[in-house]
Amino acid sequence: MIDLDKLAEIFASGSCDIEGAYRLVIQPKSILRDFRTVKHGFLFIIRGEAKMCVNGTAYELLPGSVFHAAPGMQLDSQVIGQSEFEYYSLFYRLDKLGDENRGHECDAHFKLEPGANPRVIELLIMLHQNAHTLGGIGKLRVKELFLSIVHQVLVGCRYRESGSFPSKRVIEEAIAYINGHYMNPLTLDELAELHAMSPKRFSYFFHKYTGFRPIDYVINYRMERASELLKAGHFPIRDIAVSVGYANQLYFSRVFKKKFGVSPSAYTHKIDNHK
């Protein structure tokens with residue numbers, strides 16, 4: 001079985017270039033024999049079914065399946081059933097891999113089963129549309145989309161492995177993400193998507209483990225950081241509001257007063273009086 005954390009570490013630490021993105025629709029009963037792979041790549045199955053044999057190992061590919069192969073592998077495949085077989089193929093090259101990562105996950109063939117995910121399909125469509133964009137910014141966008149797809153797939157796999165209930169580790173990672181990005185706009189939909197859950201399900205389990213609804217936790221964390229900044233020095237209230245994620249100073253002041261019982265300026269005076 002593929003080690004999801006090791007696979008994630010390879011893409012997190014290595015430098016990757018996207019070398020091709022294609023959408024293919026194969027007719028029923030089509031057969032491909034004695035094909036030899038040339039690049040590292042993923043197949044993302046959208047609809048239909050196929051049987052594939054890679055270096056003697058048989059795989060059944062269904063909608064939601066994600067298949068990976070490395071260069072120099074012998075591949076045979078056959079579309080089964082009466083429907084067309086649709087998939088996206090993404091080819092990539094990894095550079096600057098550490099010695100400890102060479103010859104491991106990305107040099108193997110394997111299948112992942114994260115389950116059907118509309119967000120992955122949406123990202124695949126965007127990547128396919130932008131695959132031939134010229135210029136550094138366009139290439140950066142393609143790489144961002146590719147890594148987002150890999151992240152969604154690996155999180156989906158880990159979620160399915162953990163069973164019906166996400167592990168406490170998933171929620172701890174969500175908390176760590178909020179703590180590191182609290183100054184950015186954060187929505188329930190975004191937080192749920194990052195952890196391959198529906199907003200309702202994510203909110204339920206976040207509350208179960210922390211006692212907070214996700215957005216209430218975000219607000220509480222922002223206010224704690226704001227109070228630390230007010231204690232640290234005489235910064236303009238406007239700057240503190242922006243630094244903890246609020247462009248609107250008046251709204252920030254209302255939220256701050258709701259938590260601490262006083263406005264940010266009154267909070268500062270209170271601190272000064274106790275020095």
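This is a short tour of a predicted model, from the whole chain down to single residues.

Local features are described where pLDDT is at least 70 and side-chain atom pairs where it is 80 or more, while totals for chains, interfaces and linings use all residues. Residues are numbered from 1 along each chain as its sequence is written, and side-chain values use heavy atoms, without hydrogens and water.

**Whole chain**

Start with the protein chain in cartoon view. It has 10 helices and 9 strands; helices (H or I, at least four residues) and strands (E, at least two) are DSSP runs, numbered from the N terminus.

Of the 275 residues, 40% are buried. Buried means under 20% relative accessible area, exposed over 50%, and partly exposed in between (1.4 Å probe, protein chains only).

**Strand 2**

Select aspartate 34, which sits in strand 2 (residues 31–36). Its phi is near 55°, a positive value in a residue other than glycine. Aspartate 34 counts as exposed because its relative accessibility is 59%.

**Strands 4 and 5**

Next select residues 49–54, strand 4, and residues 57–61, strand 5. The two strands run antiparallel and are joined by 5 bridges; two strands pair if DSSP finds at least two bridges between them.

Now look at the hairpin's turn, where 2 residues lie between the strands. Asparagine 55 is in this loop. Asparagine 55 is not a glycine, yet has a positive phi of about 50°. At 45% relative accessibility, asparagine 55 counts as partly exposed.

**Helix 2**

Move on to helix 2 (residues 118–130) and select asparagine 130. Is asparagine 130 buried or partly exposed? It counts as partly exposed, because its relative accessibility is 26%. Leaving aside neighbours within four places in sequence, asparagine 130 is in contact with Val142 and Leu145; contact means heavy atoms within 4.5 Å.

Last, draw a distance from asparagine 130 to isoleucine 149. The two are 19 residues apart in sequence and 14 Å apart in space, C-alpha to C-alpha.
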